[in-house]
Amino acid sequence: MNVSSVESPELRPTLADVARAAGVSTATASRVLNGFPRVRPTTRRQVESAMSALGYARQRAARAATGPTGSIALVVCEEVLRLFADPFFARIAAGAGRELTAAGLQLVLLTVPATEDYQAPVVRYLDGGHVDGALVVGMHGRRPLDLGWLGIPVVFGGRPVCAGEPGRFSYVDVDNRGGAQRATQRLIDAGRRTVATIAGPQDMTAGVDRLLGYRQAVAGAGHGDRGLVVFGDFGQASGQQATARLLDRRPHVDAIFAASDMMAVGAMRALHRAGRRVPGDVAVIGFDDLPIGLRTDPPLTTVRQPIEEMGARMTDELLAMLGGSAAPCCAVLDTELVLRASA
């Protein structure tokens, strides 16, 4: 469900509301709430006064008294259309749902569009006693959700951009850098001379790490051309547009590592329209191992990341936290290069 359609018996104040009322940042309000010593006395009084006026502390106490809800939120930080167009999110939900069903719990889907206006309702819902914990995927750094202060356990899918001090948040990631490096190295070892990449968003750790893996491989081979790096948003249309820009800039490119399968599909479409044969003229490798890669012509070589296992592992860690485990988990799952006909 979209969180904007969830009706609550009352609009419970969140820490963001407290911060606005006090005229401070959410992080500062969180430090006051958690008793951090390095807060000026005047600031502490402002925050405490705002909390009292809004009834924030009383609401948190009331929630603690209600007991477990039997529901876990899957928070997807993407537009709704992207959510249903990209199979990645469905597979995360499948892995999480399987574990929750076995535990007798229900999965609640919340979406967070990339606008600040929609974040407050999501945080309000999570802080309103509706769910026992949250799984968060698709985190961007432009407007990261400030979830560290919530009174429920949270596990991220992918290393969170808001990680701050190491070990503060639990997350389950995959070896994005290593997978990208192996994919790029495969292209270099095959004799490709002009190896480009369609990199993912640089406000997401997956996008950053996959670009880093590509750069390590080309640097190790003595290659280096900034004009061979173009950017997309992990979606198919962005891969097609990025490839068109790349061909205008470097018409002799003979290999592309795309940081997602959907962008690789878009790249292959752009290459076909430009009269380039895959892999004869341009080899293409993606990242994800989505089912669509088996239906492309030719079938897509890709980096397999265990998406459903990631969702299941996130859920297992969250259940452990609900059971009393206090130690944050930082797990990184292996990736595997899957060879098909596109490279």
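Analyst: Strand β3, residues 133-137, is mostly covered: five of its five residues are buried. This is a predicted model.

Take the side chains next. In a regular strand they alternate between the two faces of the sheet. In β3, Gly 133, Leu 135 and Val 137 point one way. Ala 134 and Val 136 point the other way. Residues of both sets are buried.

Now the partners. Strand β1 (residues 71-76) runs parallel to β3, and five bridges join the two. Within this pairing, Leu 74 stands opposite Leu 135 of β3. Strand β4 (residues 154-157) also pairs with β3 in the parallel sense, over four bridges. Here Val 137 has Gly 157 of β4 as its bridge partner.

The pairing continues beyond β4. Strand β5 (residues 170-174) is joined to β4 by three bridges, again parallel. Phe 156 stands opposite Tyr 171 in β5.

Put together, six strands form an open sheet with parallel pairing. Their order is β2-β1-β3-β4-β5-β11. The edges are β2 (106-111) and β11 (330-333), each of which pairs on one side only. On average, neighbouring strands of this sheet are turned by 20° against each other, direction ignored.

One loop residue also deserves a look. Gln 305 sits in the loop between β10 (301-304) and α12 (307-322). Gln 305 has a relative accessible area of 4%, so this residue counts as buried; the cut-off is under 20%. The side chain of Gln 305 makes a polar contact of 2.5 Å with the side chain of Asp 288. Leaving aside residues up to four places away in sequence, Gln 305 touches Phe 88, Val 174, Arg 210, Phe 287, Asp 288 and Thr 335.

Last, a helix pair. The axes of α8 (residues 176-189) and α9 (residues 205-220) come within 7 Å and cross at roughly 35°. The crossing is right-handed. On the α8 side, the contact includes Asn 176, Arg 177, Ala 180 and Ile 188.

How values were computed
Residues are numbered from 1 along each chain as its sequence is written. This is a predicted model: local features need pLDDT of at least 70, side-chain atom pairs count only at pLDDT 80 or more; totals for chains, interfaces and linings use all residues. Side-chain values use heavy atoms; hydrogens and water are left out. Buried means under 20% relative accessible area, exposed over 50%, partly exposed in between (1.4 Å probe, protein chains only). Two strands pair if DSSP finds at least two bridges between them. A polar contact is a pair of N or O atoms within 3.5 Å; within protein, one must be able to donate a hydrogen and the other to accept it, and residues adjacent in sequence count only if both atoms are side-chain atoms. Contact means heavy atoms within 4.5 Å. Axes are lines fitted to C-alpha atoms, for helices over the stretch in contact, and angles run from 0 to 180 degrees between N-to-C directions. A crossing is left-handed if the near helix is turned anticlockwise from the far one by less than a right angle, and right-handed if clockwise.
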